[in-house]
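Here is a short tour of one model, with the cut-offs spelled out as we go. Have your viewer open and follow along.

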Amino acid sequence: MLSGAGLAHADNLTTTPYLFGDWGGMRTELAAQGITLNLGYTSEAAHNFSGGTDKLTRYTDQWVMGATMDLDKLLGWHGATFQMTITDRNGRNLGADAEIGNNMLIQEVYGRGQTWHLTQFWLNQSFAENRVQWKVGRLTVGEDFASFSCDFQNLTFCGSQPGNLVGSYWVNWPTSQWASRLKVSTSDHTYAQLGIYQVNPNYVDDRYARSKGWTLDNPSGTTGALIPVEFGWLPAWNSLPGSYKFGAWYNTSDGKDLYQDVNHAPRGETGLAPRERNGQYGFYINFEQQVSGTAGGRGSSLFLNFSQADRATAAQDHQLALGMQYKGPFERASDVVGVAVGATHNNGRHARYVEQQNQRLGTHSTVGDGYEYVTEAYYSWSPLPSVYLRPNLQFIKHPGGTSSNHDAFIVGLKTGITF
């Protein structure tokens with residue numbers, strides 16, 4: 001048990017990472033037994049000052065409830081860790097409600113069904129003095145492959161980037177699917193990993209999410225497997241940490257060609273069924289490097305993310321994002337400033353198909369064949385270690401990759417609380 005002095009220190013809100021402190025010493029006791037609990041809340045508000053059809057304000061949020069279990073401490077199972085996380089999403093999507101026409105979400109925490117999700121349910125077993133890690137269960141792809149922070153509010157700069165382009169089968173948080181991942185540390189600063197993830201359209205269907213998204217269900221309708229591979233290099237430049245990831249993926253499921261029909265003719269002109277492509281693929285790079293300050297502490301870091309999907313099947317075929325984050329401005333070590341610019345490209349093959357179909361049917365659908373450009377700047381203020389308030393400004397040029405949509409200027413506020 002904690003002493004009175006230790007208890008007071010554990011519940012000091014200016015030092016504890018939890019808003020509710022150590023729960024009277026319960027967190028410390030559970031951690032000693034191998035159980036670490038997580039309860040967090042994130043909200044994202046955004047107001048559209050220009051662009052779209054309406055000047056609206058929308059709010060969306062996410063609750064996260066999880067537990068990490070060190071099975072060595074709990075059961076004497078050496079090298080084993082179990083993770084379970086459940087999430088609950090609520091709210092409205094500003095981009096859709098204001099008809100801005102954007103490809104990338106203005107509020108990244110929106111999506112995948114505003115409901116409960118079983119986000120993680122996996123076992124990780126380490127071997128060979130932790131040089132080999134084998135994870136199996138219900139996983140999200142982005143927690144291991146092309147993983148990236150979600151400090152920004154626009155989806156262009158948040159999370160595992162390939163899922164922004166091919167989210168129909170590369171499934172990021174909060175949706176999980178049955179999967180396995182093997183990671184091998186090839187040296188102190190390098191690693192290689194390979195994954196196999198179930199591809200099933202049900203997982204990305206809002207109706208399925210609302211009915212069974214929080215369960216350990218294994219739905220029928222699996223079409224194949226997503227197989228990503230990643231090589232990582234984790235150097236230290238002038239004692240400052242860096243992360244350089246190179247990856248590629250292959251989806252064994254057939255994909256529908258965006259432009260050609262079953263006879264390899266323009267399907268927008270013929271109206272015939274699309275050509276079936278054998279497999280879908282792509283590659284990515286993910287670079288992060290701290291360039292000033294002290295390692296892991298105050299200072300500036302740069303990042304660069306780029307992903308390319310195959311042009312035969314991906315309506316958005318590549319995305320580039322780069323930016324800077326500075327931790328500890330104005331002598332406040334816990335505050336952060338972030339600035340980023342990004343571009344998402346609409347596949348011209350898809351745009352030509354829509355144009356040809358419009359001519360054939362007399363419809364007036366608009367699909368861009370250029371870039372959607374996004375700029376975001378934020379300031380993150382932490383009045384307590386357990387709370388942050390992150391106002392941000394977003395500017396979206398050519399939403400949806402077309403000048404037919406008016407540019408949008410957004411004011412947002414991202415808030416996080418760890419209980």
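## Cavities

A cavity here is a set of points, on a 1 Å grid over the protein atoms alone, where a 1.4 Å probe fits but cannot get out. Grid points are joined across faces, edges and corners, and a volume is the space filled by probe spheres set on the points. By this rule, there are two cavities of 30 Å³ or more.

The largest cavity has a volume of about 70 Å³. Its lining (residues with an atom within 4 Å of a point) consists of His117, Leu118, Arg138, Pro174, Thr175, Ser176, Tyr203, Tyr208, Ala209 and Gly213. Strand 4 (116-127) and helix 6 (206-212) each contribute at least two residues to that lining. Helices (H or I, at least four residues) and strands (E, at least two) are DSSP runs, numbered from the N terminus.

## About the model

This is a predicted model, in which local features need pLDDT of at least 70 and side-chain atom pairs count only at pLDDT 80 or more, while totals for chains, interfaces and linings use all residues. Residues are numbered from 1 along each chain as its sequence is written, and side-chain values use heavy atoms, with hydrogens and water left out.

## The disulfide

The structure holds one disulfide, meaning a pair of cysteine sulfur atoms within 2.5 Å. Cysteine 150 is joined to cysteine 158, with an S to S distance of 1.5 Å. The torsion about this S-S bond is about 50°, so the disulfide is right-handed.

How accessible are the two partners? Buried means under 20% relative accessible area, exposed over 50%, and partly exposed in between (1.4 Å probe, protein chains only). Cysteine 150, at 30% relative accessibility, counts as partly exposed, whereas cysteine 158, at 4%, counts as buried.

## Helix 8

Helix 8 (residues 348-361) has 14 residues and spans 20 Å from its first C-alpha to its last, close to the 20 Å expected (1.5 Å times one less than its number of residues). Asparagine 347 caps the N-terminal end, placing a side-chain oxygen 3.0 Å from the backbone nitrogen of arginine 349. After helix 8 comes glycine 362, with a positive phi near 75°.

Among the buried residues of helix 8 are His350, Tyr353 and Gln356.

## Isoleucine 100

Isoleucine 100 sits in the loop between helix 4 (94-97) and strand 4, and is buried, with a relative accessible area of 1%. The residues that isoleucine 100 touches (heavy atoms within 4.5 Å) include Asn48, Leu94, Ile106 and Pro399, leaving aside residues up to four places away in sequence.

Note on methods:
A polar contact is a pair of N or O atoms within 3.5 Å; within protein, one must be able to donate a hydrogen and the other to accept it, and residues adjacent in sequence count only if both atoms are side-chain atoms. On a 1 Å grid over the protein atoms alone, a cavity is a set of points where a 1.4 Å probe fits but cannot get out, and a pocket is an open set with protein on both sides within 12 Å along at least five of seven lines; lining residues have an atom within 4 Å of a point.
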